[in-house]
Amino acid sequence: MKTIFKASVALPAAISMALSMTAMADIKIGVGAPLTGPNAAFGEQIWRGAEQAAKDINAKGGINGQQIALVKGDDACEPKQAVAAANQMVDSAKVVAVIGHYCSSSTIPASEIYDEAQIVSITPASSAPSITERGLVGVFRMAGRDDQQGQVAADYIAKNLKAKTVAVIHDKDTFGQGVADTTKAALKAEGVETVLYEGLTRGEKDFNAVVTKIRSSKAEVVYFGGCHPEAGPLVRQMREQGLTIPFVTTDCTVTDQLVTTAGGKKYTDGVLMTFYPDPRNLETGKAVVKEFRDTGYEPESYTLFSYASLQALAAAFSATGTTDGNKASEWLKSHSVDTVLGTKSWNEKGDLKESPYVMYKWDADGKFGQL
Amino acid sequence: MDTFIQQLVNGLTLGSVYGLIAIGYTMVYGIIGMINFAHGEVYMISAYLAAISIAVLSFWGVDSFPLIILGTLIFTIVVTGVYGLAIERVAYKPLRNSTRLAPLISAIGISLVLQNYVQISQGARQQGIPTLLEGTLRISVGDGFVMITHTKLFILAAAIIGMLALTFMIKSTRLGRMCRATQQDRKMSQILGINTDRIISYVFVIGASMGALAGVLITLNYGTFDFYAGFIIGIKAFTAAVLGGIGSLPGAMLGGLILGVSEAQFSGMVNADYKDVFSFSLLVLILIFRPQGLLGRPQVTKV
């Protein structure tokens, strides 16, 4: 009787021990990205990048002998859902770090939750200046900042396109309007007048009214702060209304989907955008790019940024020997990390010390190339 | 002046499309007094069907525009009609005699199911079709000009023809008569030998078909759509239906046109940021002075 009693107590205890052992054996890292919704194409890039990085790091023995396990957090690019996903990753999944998010409007509320939980988060894509301007300790980015992006676009519009008047259009989102505002300010500093400043609604497809307005504003260049689901129809409707002036936009259109949403290569021909130099051409990333291509996946735009983010996290955790968020942030701010994107280091705010944006142009074949 | 006319053209094309989708809301409301919240998704599915049909037809080597359009319209309208029928069977028929709110919730459920079904089966990426109808009409107005693409002219024509065909069907055919009878008094129609269950199904099919027509037209015009495309346009079309008087067919079309034109003109003259604020304020104003909408019949309490 006694032994049976003991066994019945011991068995569940052993099981729960075993469960907690496996849980301890993995370092859980969250990936917060729009895995569904209109921006799911970018969410997939971020997930694929992190997935491949985890696989590679695990194959080399993981972090301090522990394997990385990734946890999905789908924010659908909705601030509310981002908060829910962040809470779920922190509270239920007990992640020790997060790669994410994609949309700035998601990164901002989610990062506050990570900060409260004192874990490190690295966004591979969000570029709103305010993300790292709020004094949060563990927030880093692998991406550039909108003010840098807007500056490059404004320089190009003023010096290369030699425009005197510009129409600035945005999509009323944190990212789109943020970058439009920084561009507008930079343009003003260069002596270019913004003759039209309008917002359009994300999710809509008919921007003919705005296009007609651009036409009557006599602007010489259109700058659009927004993403490809709206940029495509906007540029198409401009061309359909006989408006052939240059169209300059952001790095949020860096996907062949721009051609799809515009309805053809002839509409995207000549579209200009700011983006980082193609990470796929970097010497440091050759091996990883090949790995991706071997699995039949083209590591477009943010894939490698996500890969590099996990490399940075792994480096910080390995070097400090713990998964303590504060120690890791301190380490990241005082050391540099070799990633697939080259050697990266961060300043006190968590911004990359150097982040070069360059101009890209779409050609008649529906491809984009660095200028 | 040229700007005003251009905005008018912009608004009319947008509005005619709103109107076509609004018909689906208004017909279903007219006959069973419910809002079919899955209707936006019906439109979204028809956009996918149109793209599939265009792709298949061009794969078969059909390259004349009228043939492609005819084939696409027939295929899309028929298959979308089947979706409409299925929605009625799954979400409405089993709940025919339950509380008024139950079918509302089940329709929202269907709408989510359809959205996710399309997202999973077709992917979350933006989809697109190539431009089928090239060419633009350029009209000089004063010292400016107005540009109207041939696609837009086609949309206006197709929307008008679709509306006329539907009006003829409702006013002058046996099916239309049965629809109107069921709308006026379902129980009495039943007593007189009309299979009202079947009529309700037909109404869903007709509503879905008009949504399909809109889906094909929008896909032609904008060339791009995704699984989420039905949401915003569904809300706008619903607004158009209420504006024109829900339950009234000409009201739906008129509401759509008013909504489209007011959005475009307001964006043009004031600010595109607040165009939705403007159109919804317009809706509120109209409902204050005419609670039944522009062409709706006032609600008579039946004794």
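Predicted model: local features only at pLDDT ≥ 70, side-chain atom pairs only at ≥ 80, totals over all residues.

Colleague: Which loop is the place of Lys218(A)?

Modeller: Residues are numbered from 1 along each chain as its sequence is written, while chains are lettered from A and ligands numbered from 1 in the order in which they are written. Helices (DSSP runs of H or I, at least four residues) and strands (runs of E, at least two) are numbered from the N terminus. On that numbering, Lys218(A) sits in the loop between α7 (208-217) and β8 (221-225) of chain A.

Colleague: Does Lys218(A) count as buried or exposed?

Modeller: The test counts other C-beta atoms, placed from the backbone, within 10 Å of the residue's own: 20 or more is buried, 12 or fewer is exposed, and in between is partly exposed. Lys218(A) has 11 such neighbours inside 10 Å, so the residue counts as exposed.

Colleague: Phi of Lys218(A) is a positive value in a residue other than glycine. Near how many degrees is phi of Cys77(A)?

Modeller: Cys77(A) is in the loop between β2 (67-74) and α3 of chain A. Cys77(A) is buried because 27 C-beta neighbours lie inside 10 Å. Cys77(A) is not glycine, yet its phi is positive, near 60 degrees.

Colleague: What separates the C-alpha atoms of Val96(A) and Ile119(A)?

Modeller: Val96(A) lies in the loop between α3 (79-92) and β3 (97-100) of chain A. Val96(A) is buried because 22 other C-beta atoms lie within 10 Å. Contact means that the C-beta atoms of two residues, placed from the backbone, lie within 7 Å, and beyond four places in sequence Val96(A) is in contact with Ile27(A), Lys28(A), Ile29(A), Ile119(A) and Thr323(A). Val96(A) and Ile119(A) are 23 residues apart along the chain, but their C-alpha atoms are separated by 5.8 Å.

Colleague: Which element gives the most to the side of chain B that touches chain A?

Modeller: The contact joins 32 residues of chain B to 32 residues of chain A. On the chain B side, the elements that give two or more residues are α1, β1 (127-128), β3 (144-149), α9 (229-244) and α10 (249-269). With five residues, the one that gives the most is α1(B).

Colleague: How many residues on that side of chain B are polar?

Modeller: Ala, Val, Leu, Ile, Met, Phe, Trp, Tyr, Cys and Pro count as nonpolar, Asp, Glu, Lys and Arg as charged, and the others, Gly among them, as polar. The side of chain B that touches chain A has eleven nonpolar and five charged residues, and its polar residues number 16.

Colleague: How many nonpolar residues are in the contact of α1(B) with α5(B)?

Modeller: Residues of α1(B), including Val9(B), Leu12(B) and Ile23(B), meet residues of α5(B), among them Lys152(B), Ile155(B) and Leu166(B). The residues of this contact divide into one charged, four polar and, for nonpolar, nine.

Colleague: What ipTM does the predictor give the complex?

Modeller: For chain B, the mean pLDDT is 89, and 98% of its residues reach 70 or more. For the complex, the predictor gives a pTM of 0.77 and an ipTM of 0.84.

Note on methods:
pLDDT = per-residue confidence, 0-100.
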